[in-house]
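Subject: Structure handover

Hello,

Please find the structure below. My notes on its salt bridges and on one of its sheets follow.

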Amino acid sequence: MSVLTRDEAQTRAGLLDVHRYTIELDLTTGDEIFDSRTLIRFSARADGDTFVEVRPAELRSVTLDGQPLDPEALDDNRLPLKNLTAGEHELRVHAHMRYSRTGEGMHRFTDPTDGETYVYTQLFMDDVQRVFAAFDQPDLKAAFELSVKAPKDWTVLANGITQHTGDGLWKAATTPRISTYLVAVAAGPWHSVRTEHRGLPFGLHCRRSLAPYLDTDADELLDVTRACFDRYHEKFDEPYPFDSYDQAFVPEFNAGAMENPGLVTFRDEFVYRSAVTDTERQTRAMVVAHEMAHMWFGDLVTLTWWDDIWLNESFAEYMGYQTLTEATRFTDTWTDFGVARKPWGYDADQRPSTHPVAPDAVDDTATALLNFDGISYAKGASALRQLVAWLGEKDFLAGINTHFARHKFANATLADFIDSLAGATERDVHAWAEAWLRTTGVDTLTPHIAPGDNGTCALTVDRTGSRPHRIAAGLYDRDLGDDGGHLVLRERLHLDLPQTGAHPIGKRPALLLLNDGDLSYAKVRFDPESFETVRKDLSGLPEPLTRAVVWNALRDAVRDGELPPTAYLETARAHLPLETDLAIVQGVLAFASTYITDRYVTPEERPAALATLSELCRDLIRRTEDGDNPGLRLIAVRHRIDVTAHPDTIAAWLADGTVPGGPELDPELRWRVLARLAVLGAADEAAIAAELDRDPSATGQEGAARCRAALPDPETKARAWQAMFGSDELSNYLFTATAQGFWQPEQADLVRAYVPRYYTDAVDVADRRGPAIAEAAGRSAFPAHAVDPDNLRLGEECLRDAAPIPALRRKLVDQLDDLARALRIQQGREA
């Protein structure tokens with residue numbers, strides 16, 4: 001497919017004004033193809049040539065101002081429009097379009113539970129052309145009129161309020177001016193929960209087979225939606241700019257959610273079939289808040305080109321966490337951000353693929369797609385949090401509201417936004433933006449405590465990096481009470497870095513913690529005495545966010561080769577049984593099991609590392625026997641399953657249908673146990689088939705694919721490999737599930753021959769199936785367990801010689817950098 005370049009977009013935007021799209025879709029034409037008719041009304045400012053994008057199964061006809069154009073002129077995805085004259089024009093395009101199984105364009109899904117079929121659009125970046133013809137770039141906004149013919153028992157949802165006019169024909173209200181990538185349709189026999197708030201219709205929608213689970217959580221979801229909606233109206237002068245607010249939970253969705261105005265689509269794993277922790281509910285609520293923020297940041301005011309994706313994602317990320325904290329019962333969201341989200345940014349920012357939050361230029365859409373990563377989300381949100389700390393929230397919101405007023409229903413750039421902020425403050429926002437948004441990498445802050453007179457000390461902070469930081473330094477003393485082990489906050493010093501001179505801190509604290517409160521984006525280190533306190537008394541710190549900063553510092557030290565992985569495990573073993581915050585427990589266990597046991601310790605050390613984690617999880621399970629903390633118990637049970645080295649205990653759980661003392665094994669836990677038993681050679685195809693009979697849902701199909709791929713049998717491994725790489729039949733979700741099961745550290749010898757095959761086969765499947773499968777092949781199908789020089793060499797040769805498409809290349813660059821880091825850690829060298 002020809003990708004759109006920045007220069008081409010600027011040229012076309014200089015030539016055209018696009019006024020209105022009238023789109024007719026017919027979803028009754030079969031299982032493979034749907035019918036698409038588009039009328040585009042636009043004007044040319046001068047005489048010239050341009051093109052419109054469309055990716056049809058068959059281009060049926062094209063007329064420009066009533067004159068037919070040759071469909072054979074379509075070149076890949078571009079239809080030339082030659083010899084345009086200045087003035088008004090009408091372009092009509094009739095095409096047959098192909099449904100997708102990869103979550104791109106118009107995705108079609110048949111629910112294995114009841115046989116019902118659903119379709120929905122995901123038109124992000126450049127996939128609108130899979131559904132209708134368009135001038136596909138974000139700064140050619142237009143109004144959209146949409147009508148859809150659907151099977152008679154279906155409901156059609158769209159950006160505006162939809163009405164059924166009879167015979168399966170639905171018409172959506174005309175949108176305000178929006179970008180092409182934000183158009184949305186979701187059609188099928190939806191189960192819906194509808195209400196009204198502040199005069200607007202609100203709706204929740206899911207597959208019929210998920211109806212009882214959505215109904216159970218509908219009040220919680222709507223409460224969060226209303227609370228965030230009201231809080232945004234307190235923050236923003238511009239009212240919500242669309243006519244309704246629907247939230248549709250759709251199957252096999254590639255992202256967490258998509259901010260289509262008036263019709264937000266979410267992955268339907270957020271409709272919980274099984275037990276979840278309160279932190280997971282908080283995560284779902286944050287995604288609701290994040291996507292609603294996009295109604296202003298991205299939909300009302302849209303980036304001009306994809307180099308400013310941070311104007312969408314960083315703001316929605318920051319606003320989502322902050323607004324959830326202010327407006328709902330989830331008042332500790334920044335702890336979860338610090339433990340689960342921020343490391344995503346830190347890791348991405350230390351790889352060769354790093355980029356500024358706001359790059360100087362993104363040359364084309366393929367490159368832009370790669371930048372929806374931990375930098376644009378987590379680092380960008382962290383930078384904004386630092387900006388608010390430096391600027392003050394009052395001036396920050398004043399600048400935002402100026403930005404909305406100047407650019408509503410239009411497009412804007414970084415320069416536009418900085419100008420809006422600068423008008424609200426006397427601070428040099430332009431210099432701040434250069435330091436924070438135009439640079440790469442993570443600064444490191446290291447404290448030095450020097451003794452002074454009369455038992456006092458002074459603090460200086462070394463900074464590697466160039467950014468200014470406004471941080472707090474927490475000074476903690478040991479509690480002298482009888483029980484010991486507790487730390488008491490003496491004082492939080494507010495520091496501006498780089499600092500001028502040493503800062504007096506009185507007597508030496510037991511712990512000095514830089515970036516206490518986590519208001520900046522930087523790695524922090526400890527002075528020797530403070531590290532000894534952390535090792536002994538981490539769980540005695542009074543605030544979860546403070547403990548999160550410490551755990552992140554330990555994580556960074558492991559990744560940088562300054563702390564042995566076994567020392568991290570020992571710290572977790574000592575302090576996690578006393579931890580009360582679920583996000584911290586989950587984050588520490590996830591890092592320990594995903595990275596330390598599977599990558600950072602040597603194969604010889606792995607059994608002991610797994611045993612340490614297993615004992616830790618047993619401690620947590622014992623601690624929660626009274627039933628007071630079901631969320632903590634659930635986390636412990638999940639990880640106990642994942643790290644078990646001997647099948648007997650979890651096999652007994654599966655046979656009994658329960659963990660002694662609870663919880664009962666719901667579908668998620670049953671598939672989790674069965675997957676681990678498969679890895680250990682304690683399950684077979686018959687057991688998997690029986691479980692699939694018990695749970696024939698879409699999630700069950702994924703669980704079965706994961707389990708089958710995990711069986712330690714050469715024939716099943718060969719079948720799984722063929723399904724992933726030799727066939728195009730697997731949907732995006734079934735591809736990922738199969739990939740997740742295939743590679744297992746316990747089966748390294750069995751799958752060794754597949755490691756070199758991966759690099760050729762992944763390149764081939766990415767070429768055939770496109771970016772979504774390429775990303776999945778690079779993320780989930782990569783042999784990350786094979787921490788050895790040969791795997792690294794093969795990957796580097798692939799990057800040099802095989803020319804993988806950009807989506808796969810970026811994943812391989814990141815995976816190979818992580819692999820090289822793991823090798824250095826295993827060899828005891830600084831990473």
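Helices (H or I, at least four residues) and strands (E, at least two) are taken as DSSP runs and numbered from the N terminus. The model is a predicted one: local features need pLDDT of at least 70, side-chain atom pairs count only at pLDDT 80 or more, and totals for chains, interfaces and linings use all residues. Residues are numbered from 1 along each chain as its sequence is written, and side-chain values use heavy atoms, with hydrogens and water left out.

Salt bridges

Side chains of opposite charge can pair when their charged atoms come close. A salt bridge here is a side-chain nitrogen of Lys or Arg within 4 Å of a carboxyl oxygen of Asp or Glu. The search of the whole structure finds 75 of them. For the residues involved, buried means under 20% relative accessible area, exposed means over 50%, and partly exposed lies in between (1.4 Å probe, protein chains only).

Within helix H19 (residues 685-694), Glu 691 and Arg 694 are three residues apart, about one turn of the helix. Their salt bridge has its closest N and O atoms 4.0 Å apart. Glu 691 is buried, because its relative accessibility is 6%, while Arg 694 counts as exposed at 57%.

Another salt bridge joins Asp 127 and Arg 55, with an N to O distance of 4.0 Å. This pair links distant parts of the chain, 72 residues apart: Asp 127 is in the loop between strand S9 (117-122) and strand S10 (143-149), and Arg 55 is in the loop between strand S3 (48-53) and strand S4 (58-64). Asp 127 has 10% relative accessibility and so counts as buried; Arg 55, with 26%, is partly exposed.

Asp 496 and Arg 470 also form a salt bridge, at 2.8 Å from N to O.

Two strands pair if DSSP finds at least two bridges between them. Four bridges join S24 to S27, and Gly 474 has Leu 513 in S27 as its bridge partner.

Regards
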